[in-house]
Structure formats: C-alpha cells, structure tokens
Amino acid sequence: MSLFFFLLLCFSISHALPPPRGFFLNCGSSSSTNLNEIEYTPDEGFISVGNTTTIKQKDLVPILSTLRYFPDKSSRKHCYNFPVAKTSKYLIRTTYYYGNFDGKNNPPVFDQIIGGTKWSVVNTSEDYAKGQSSYYEIIVGVPGNRLSVCLAKNAHTLSSSPFISSLDVQSLEDTMYNSTDLGSYKLSLIARNSFGGDGEIISYPDDKYNRLWQPFSDQKHLTVTSRSRINPSNFWNIPPAEAFVEGFTASKGKPLELQWPPFPLPATKYYVALYFQDNRSPGPMSWRAFDVSVNGLSFLRKLNVSTNGVMVYSGQWPLSGQTQITLTPAKDAPVGPFINAGEVFQILPLGGTTNIKDAIAMEDLLESIMKPPVDWSGDPCLPRANSWTGLTCSKDKIARVISLNLTNLGLSGSLPPSINKMTALKDLWLGKNKLTGPIPDLSPMTRLETLHLEDNQFTGAIPESLAKLPSLRTLSIKNNKLKGTIPSVLLQRKGLTIQASPENMPSTNNTGQFRVANS
C-alpha cells in the first residue's frame, strides 16, 4: 500500500551518528547529494539500462528532482543489483515522484519485484494529484550474496514507462523483526507511526536504521509527553527514543480505542508491533497496567508498562478491513492506558527462486556474451511473467531452466563450460548469432533433446561428448568453423538427426543432414 511524504521533507535532527550501512541511490543523477545527513550517490554501477531525466520544479529535494525511467517495451523487468553479505537482512525503500516527466500527466502503474518475488504494484496517481511523492518499504532476508530490486510493466502500465526517484538498501541487525522467517517470507510495510505528534517525521539520525516514523494525530485522544527516555537497544526492533516522546492516553479507568492503521486492510496475516512507555517521571508509581486487544481478540493480557518501555508483537496476526486497537486498564491501575507507536507489515510469502546451479550458469553466460537481452538481471526465472528473455522455466518453487532460445539475437562471445550445469535443459537454441570458441562438454545435460548451434562461428573439433546425451534428438551445427568430421560414435546414435556443413559430414554423405533411424 502506498505511503507518502511531502516534497519538502522535514526530519528531526539529532546527534551525529556513523553513516548508515547500505546503499543509498539518487536515481538518474550524475552527482552525489546529502539528504538528512545521508549521502545519496548516483545509481550508475548498480543498473545498466534505462534513461535519465530531470524534473524542473522548484522546492524539490534533490532525490526527487531526478529519476530513471525504462521505456523499453520488450524488456520483462529492469533490475538494480547489489552485492550483500550472505544470510543478511535489509530494509528496502523505493521512492517515486512522477513530476509529469513524460508530459502525459498520467503516472504509470507498474510492478516492483524483490529477487523472484513480486513485491507490490506501484501506483502514485493519488499522491501525485496532491503534489506528493510516494514510497514503499519492505524487509527481506538475503540467503546469497546478491540482492536485486526490479521494476516491470504490468497490464495497467500501457504506453507509460516505469520509473524510480531514489532507492535505499539499509542493513539491519539480526535481532530486528526476527520473529518472522525471512527465508520464507518478506515484510511489506503498511504503516509505521509515532502517535500523538503532528509535526516532523522521525528518521535518521534519530532512527539509525533510516526508518520513517510518520506522525499520527487523532483529536479523539488525549496526547501527553514523556518525561524520560527509553534505551533503544533494550528492544529487539531498536526503535528510536524519539518515537516514545509523545503518545495517546485515556482517563483513569477508561479504555483507549484507536482505529489504526487509518485505512482498511485486505484479509491476510500481518506482523504487528506496538510500543509503550509510562510517560511519567521514574518512580514507584511509574507503571501502567492494561490489556491489549486487536479487533476484539486478545493481543496481550495484563501488560505492565514502566518508564523503561516495552514492545509487544505478533509475527502473524490476521487482519481484515478496519483495525481497532483497544487498551483496557486494569481495575487497580492508578492511570489510564498509554501507547506511543506502532508498525504493521503485510507478510508476503517468498515467491520462489531459480535453482542455484542454473542461476550461476546463466550469470556465467551473461558475462560471456556481448549485448545480452536488456532484462537479463535479477532472478532468471521468477516471477514467471518476468523471467529473462529466451528462458522457459519449470513451475516448481525452486525453478529449473528447461528451455533457452536465443536464436538470431545478434549475440557474440562464447559459451562458458558451466552451461552444462543446467541439467534440466531440454532445448538449447543459439542459432544465427556470432558466437565463437569451442563447443563445451555438454554431457551432464542428460535431458537435452534439441541443440541448435547453427550459423555461428564456433571453432575446434566436434565434441565426442555429444554422443553421451541420451535424450538428444536434433543436433544442428552447420555453418560454423568446426574442424574435422562428425565423430563416428555420434553418427551411430539411433534416433538422432544431425544437420552439419558438408565439410563436417562423412565423405559418403555430402547432403548436410544425417539421420540414424530407430531400430
């Protein structure tokens, strides 16, 4: 769900901290800029496709004044790629300000993708109509050493182009949001608010992980200010102390009923974290006791909140429609209940991934050829609607590449030996290109049925190892620079049709085609 912030960002400023760990990109820009004590660098080096432009509008913060857009209609996705630590955890924020960059006065609608998982639809129309930008956040676990963030057209994009203004990839601590198995799920932000305030967004450096805590005010509730600060390190999610400065309360003996998030939610499961602190000065009576319920269901009973603060959460809580949080005070509580802040994330199941051997082989092929398809980035197979051009993959959760058709794409370069790791491949069609070098040993590809290498510039001998492909029915190697004749062991293979140049055929056959019938 889209969130927004004003074009002129007003963040609270606190004491200096070391720069946050991660990548902070000012998309489409040719120079670095500093925003809220964070250096945003140009996005070149993290993506190799797309066009850039500048939005000529006054009072825009620098990260909104440039963008990168992707007009290529044939590309299935456009990906940013980041080197990351294995088994790491990241918060990703994508920011969009349309600014009528294409002169159509109609913001495009498109998809955003993390690895092989569709994250969400990007629709900035409502925010743009209000003169505002949009941002989305997601928390992900990264099992490998690469992380991709991709944009892709969908059925609603029409003639427009996906675009992006800035991209944050912020490293998180292992303890943060650790109740969710990020190897199976991702956490897509629905709302993150500090209650009671109506002024500045809390972010870096007050939140050293560069999260955005939007102020949330409600005239139905009393707002009070805390007289003591919490220690963020005492909380798993390490919230900023500033998120506890203000909060909502109710009179002694009265329940506090809060409708939050302020919009209805689709029926599914969510990660919910609520933050509390007694706002009074530390002392024997500085505590509050109450029950917490969400939509009438008990979230936590007999919660005792002191000036040190406390966080309560559920890793998978079902929500649907409008959410109501109710804090019911204990009978003997000297003061009413109190709440400072909250976070809600939608739990997204992992969309799957490409088999690691297939993915490595495709990455090796990507590096071995010149001018590959522009969408060869991110996960090769997933999401299925956004697989790499030329690939057909299985429908398994761990997808296998079963067909690779790059016929007549003007490719040059060579075939890496690791291509034989793609052992589920049935069809390998590379004809009518300018590929050079030897034909590698393909014998591990036992499911390969058709192999088209014709009309290239392959050199060397025709490998005898091709005879070890038990499923091979068609072999086309004509019009190359191969030396010698087809090995006899290959000619003896029954049920195999071979197409080769006359100089590579046996002297008894100059037709360019050889077929051994099944016996």
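**Cysteines and their bonds**

Analyst: In this predicted model, both Cys-381 and Cys-393 are buried.

User: What makes Cys-381 and Cys-393 a disulfide?

Analyst: A disulfide requires two cysteine sulfur atoms within 2.5 Å. The sulfur atoms of Cys-381 and Cys-393 are 2.1 Å apart, and the pair is accordingly a disulfide. With -75° about the S-S bond, this link of Cys-381 and Cys-393 is left-handed. Cys-381 lies in the loop between β28 (369–370) and β29 (391–393), while Cys-393 belongs to strand β29, so the pair ties together parts that are 12 residues apart in sequence.

User: How many disulfides does a search of the whole structure find?

Analyst: The search finds 2 disulfides. Cys-79 and Cys-150 form one of them, with sulfur atoms 2.1 Å apart. This pair links distant parts of the chain, with Cys-79 in strand β7 (residues 78–83) and Cys-150 in strand β12 (residues 146–153), 71 residues apart.

User: How do you know which bonded cysteines pair in sequence order?

Analyst: When the bonded cysteines of the chain are numbered in sequence order, the pairing reads 1-2, 3-4. Cys-27 is in no disulfide: the nearest cysteine sulfur, that of Cys-150, is 13 Å away, whereas the cut-off is 2.5 Å.

User: Does Cys-27 count as buried or exposed, and why?

Analyst: Buried means under 20% relative accessible area. Cys-27 has 0% relative accessibility and therefore counts as buried.

Notes:
Residues are numbered from 1 along each chain as its sequence is written. This is a predicted model: local features need pLDDT of at least 70, side-chain atom pairs count only at pLDDT 80 or more; totals for chains, interfaces and linings use all residues. Side-chain values use heavy atoms; hydrogens and water are left out. Helices (H or I, at least four residues) and strands (E, at least two) are DSSP runs, numbered from the N terminus. Buried means under 20% relative accessible area, exposed over 50%, partly exposed in between (1.4 Å probe, protein chains only).
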